[in-house]
Every structure is written in structure tokens, then in C-alpha cells.
Amino acid sequence: MAVYSIKDLELKAKQIRRTVVDMIYNAKSGHLGGSLSMVDMLVALYYAKLNVDPDNPGWEDRDRFVLSKGHTAPAYYAVLADKGFFPKECLYNQYRRIDSILQGHPDCQKTPGVDMSAGSLGIGMSAACGMALGAKRLGKDFHTYAIVGDGEMNEGEIWEAAMFAAFHHLDNITVLIDKNNMQNDGLTNEVMDMGDVDAKWRSFGWQVYHVNGHDIAAILDALNKPNYGAPKAIVCDTLKGKGVSFMEMNIRFHGGCPTEQEYELAMKELG
């Protein structure tokens, strides 16, 4: 894996955000807000942590990654393309096209580099736990990572999976929570307040760290901290729509496409 400085990773995150806005505007469809909020997490994972091989996506001993909040696939696809899992032009001529390799939600049967199909919220977390348990049973030392949305935590399946992981002592799984405080129907604390998120994960037997989800150095520091024999959760405070001032914490851009004028302003802000 190439070695990147924090500054390099920050520049990469800015590039990925530009790509996300560009491809969603081009497709006239997609989820901007949550894609932009998790970019720094994806960059930390794919450019400084995950042991994967774009030339051999099915490599048995690779680390696994599951995007449980599958609607934010644009950022995921932008990173996979930049890493070389498939040509970058696919982002513009295949994203959200019928029968293409880049569906609105990740499809592991179609997209190189995708380890789990996700769409119905909650199922990705369970699949990630299964991957981690499988590694234990097979004596493999790969690590499984997942990104979960804070709105997604309303799903009961998330907590069933959390109990499962702790019960089986899955210290080979790390879940990053994109805590941007918004979901499709509004503010998370108004739709279904989860209270003290850190305390909840700890009560389920997880080792918990809490970071600024836009501070790549802090994310990497948490990723590198020990699990202490338990599954690890990293609660990441983020801004929905991060990087574009008028999109930040604007519920309209949860799944809304920018107008031509908004697109031009966004690209200008992103440099």
C-alpha cells in the first residue's frame, strides 16, 4: 500500500467529494448528504488501512468492507474507481443505469471491490459480523470494517448484530458510525432519539472511541487503537453534506440532486 501523508489524504478527500457531486449531478439522482459526510472515513480506510488488491478483488485474505448504509454508494464508488477497481468513466456512464455495474445501492454480484450488497438498512452490519466470525472459524487474520449510519441505528437488526459480535468476541471487526444527526425524515433526535450513542455501544460490549469524523488523523488514530478482545465501534461526528456550505445540514440534500447553478457553486467551493 502506498504511504500517504495526512495532507495527501485531505486532498484526496476533497477530490472524492468533487467526484461525488459531479457523478450525482450527471446522473440527476443519488444521495449527496450522507455520501459527503462519510468521505473522510472512506479515505482513511482505503488509502491508509484496508489490505485489498484492485487487481485481485476476490483475494481470499483481503480485509473486508461493508457499506451498511448502502444508499451512500456514490462516495464508495468514487473511492473504488480511484483505487483502480474499475475505470473512472463508469462513474459517469454507468451509475444508476439499468443493468450497469453501479446500481443505486452496492451489488457485490456486479461491482468489483464490493464485498456485500446493501440496501435495506441494518443488513450490512449483520453481514459484516458474519464475515468476522467466518474469519475466526477459518483461522484467517483479515479484519472486517463497516460504516453504519446514525439513522440506520433505529433498526433493531443493528443491535442484534451488536450483541452477536460481543457474544462471539469478534475483536476482528470495526464499525464506524457516521453520526451526522440527520436521516431521510429529519433530525435523528426527532425521528428516533438514540440518546448517548457511545454508552449504548459500550453497554452491548463494544470497545468505543469517539472522534471528529472529518479529522482523518483522528480517524486513523482510532482505527489503530486496540480492540481489547472486543468488537470496536468508532463514533464519528460529521456534517451531512460536508464540504459544500449550502448542502451542510440541509435535509433537502439527503437524496436531492443540485440544480445547475447549485452544481456550479458546489464545484467552485470544492476547488
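**Pockets first, then a helix pair**

I began with the largest pocket, which holds about 250 Å³ of space. I kept in mind that this is a predicted model. Its lining comes to 19 residues, and I noted those closest to the centre: His-71, Leu-121, Gly-151, Gln-183 and Asn-184. I then sorted the lining of the largest pocket by class and got two nonpolar, ten polar and seven charged residues.

Next I turned to the second largest pocket, with about 150 Å³ of space. I listed its lining as Glu-10, Ala-13, Lys-14, Arg-17, Asp-40, His-214, Ile-216, Lys-242, Gly-243, Glu-269 and Leu-270. Which helix gives the most to this lining? I found that α1 does, with four residues. By class, I have three nonpolar, two polar and six charged residues for the lining of the second largest pocket.

That sent me to the packing of α1. I looked at helix α1 (residues 6-27) against helix α4 (residues 73-83): they pack at an angle of about 120 degrees, and their axes are 9 Å apart. I wrote α1 down as oblique to α4 because of that angle. The crossing of the two helices is right-handed.

Which residues make the contact? From α1 I noted Lys-12, Gln-15, Ile-16, Thr-19, Val-20, Met-23 and Ile-24, and from α4 Pro-74, Ala-75, Tyr-77, Ala-78, Val-79 and Asp-82. My tally for the contact of α1 with α4 is nine nonpolar, two polar and two charged residues.

Key:
Residues numbered from 1 in each chain as written. Predicted model: local features only at pLDDT ≥ 70, side-chain atom pairs only at ≥ 80, totals over all residues. Heavy atoms only, no water. Axes fitted to C-alpha atoms, helices over the stretch in contact; angles between N-to-C directions. Parallel < 35°, antiparallel > 145°, perpendicular 65-115°, else oblique. Left-handed = near helix turned anticlockwise from the far one by under 90°. Contact = heavy atoms within 4.5 Å. Nonpolar A, V, L, I, M, F, W, Y, C, P; charged D, E, K, R; others polar. 1 Å grid on protein atoms, 1.4 Å probe; cavity = no way out; pocket = protein on both sides within 12 Å on 5 of 7 lines; lining within 4 Å. Points joined across faces, edges and corners; volume = space filled by probe spheres on them.
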